Amino acid sequence: MTITETPRLPESAGKFVPVQTRSERPTSFEPSDFTKPTGREVDWKFTPVAKLSPLFVDEPGDESVTVEVTGPEGFRAGTLAPGEAPRGTGFVPEGLAEAIASKHASATHVVIPAGTELDAPVVVRVSGGTAEGRALVHLVLQAEANSTATILVEHTGSATLSENVEILVEDGANLDVIAIHEWNDDTVHTGAHQASLGKDATLKHTIVTFGGKVVRVNPTIHLNGSGSEGIAKGLYFSDAGQHFEHQVYIDHAGERTTSDVNYKGALQGEGARSVWIGDVLIRPTAVGTNSYEQNRNLVLSNGARADSIPNLEIETGNIEGAGHASATGRFEEEQLFYLMARGIDELTARRLVVHGFLNEIVQSISVPEVQDRMRETLERELEASTEAMMAASAV
């Protein structure tokens, strides 16, 4: 695929117009069509680019990360070489790291056959062995027509990883994809999820990020088919020194499409950082669209920072509705005083407030066992970070 040209001013102006919206970003399968990010680009300006630099080298990856697929009877799993269909029909790289992974990585292909309804999740385990490596992964998750399934993508261990996740939801299919990042604290991970939805298809896409040094995951949902629906949920807890970034893009192209985006995060500790950018595009063809996106952040301590930027681009006036919201607030000492006045110690009080804030996203996860696991992980994160913060304040 040929890279698209960046719009330019007349030569007399002596400068070019930088890419401003997601729909203008260049796309290509060829890494040489992209330049290495510097951090000055609009889509990289919040990212610690230097920490991702090993993933911008146009070379094959190593075997420091393994992929294993398990699940109930009724699904198929295999591999796809670069360029082997249906790979590439729902994912076109928007950046250098994505193009490198697309070029060099063999793809793990998970297929839910047409008309199949699975009674348990398919689990894709992405396991890292060392952060000193340099791994490339490509997943193709395909729900054929009128199928129903849940696919759980788990990330554990240590890694330096560039990962592409290609999601194909065909006509009438209903797919739930849950991606959980429970990396060790030395992991650097950049990932791109791109989904293409057919007529009357539904995708529920959930990202949970608890572990890693730098985790930058950008989910895109293309609502191509009429009547298609995309639901995007996100949950993250950034501790001291962690950078978690999510750039969500919802592309309404088909008629009567619907989207609902809701990301929530909490931050605690010196240098804890989160970045959320939400882009929604409603194209001229997307008449009857109904879209809403929101991001909420709870800052629990000094030294933590959350950036939240919602964007909405509407190219037709014939829609049902569209809106967005963003809020970042600090932990309210009044809440802490209220709970402590009723005999609850400070550590427990802080944990209760955060659990209450994030529980909306936890409850939206469709697998009860995963809900319980997320609550337990959140409890461990809260206990460790809160104890460290209180110990530091006592010095």
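**View 1. E315 in the predicted model is partly exposed.** Its relative accessible area is 39%, where partly exposed lies between buried (under 20%) and exposed (over 50%), computed with a 1.4 Å probe on protein chains only. E315 sits in the loop between β17 (305-314) and β18 (321-330); strands (E, at least two residues) and helices (H or I, at least four) are DSSP runs numbered from the N terminus. Leaving aside neighbours within four places in sequence, E315 is in contact (heavy atoms within 4.5 Å) with L281, I282, R283 and P284. V353 is 38 residues away along the chain from E315, and their C-alpha atoms are separated by 40 Å.

**View 2. Helix α3 covers residues 346-364.** The 19 residues of α3 reach 28 Å from first C-alpha to last, close to the expected 27 Å; the expected span is 1.5 Å times one less than the number of residues. α3 bends by about 50° at L358, the bend being the angle between axes fitted to the seven residues ending there and the seven starting there. Buried residues of α3 include V353, V354, F357, L358 and I361.

**View 3. F34 is buried in the segment before β1 (65-70).** The relative accessible area of F34 is 12%. Not counting residues up to four places away in sequence, F34 touches P26, T27, S28, P93, E94, G95, L96 and A99. F34 and E94 are 60 residues apart in sequence, with 8.7 Å between their C-alpha atoms.

**Notes.** Residues are numbered from 1 along each chain as its sequence is written, and side-chain values use heavy atoms, without hydrogens and water. The model is predicted: local features need pLDDT of at least 70 and side-chain atom pairs count only at pLDDT 80 or more, while totals for chains, interfaces and linings use all residues.
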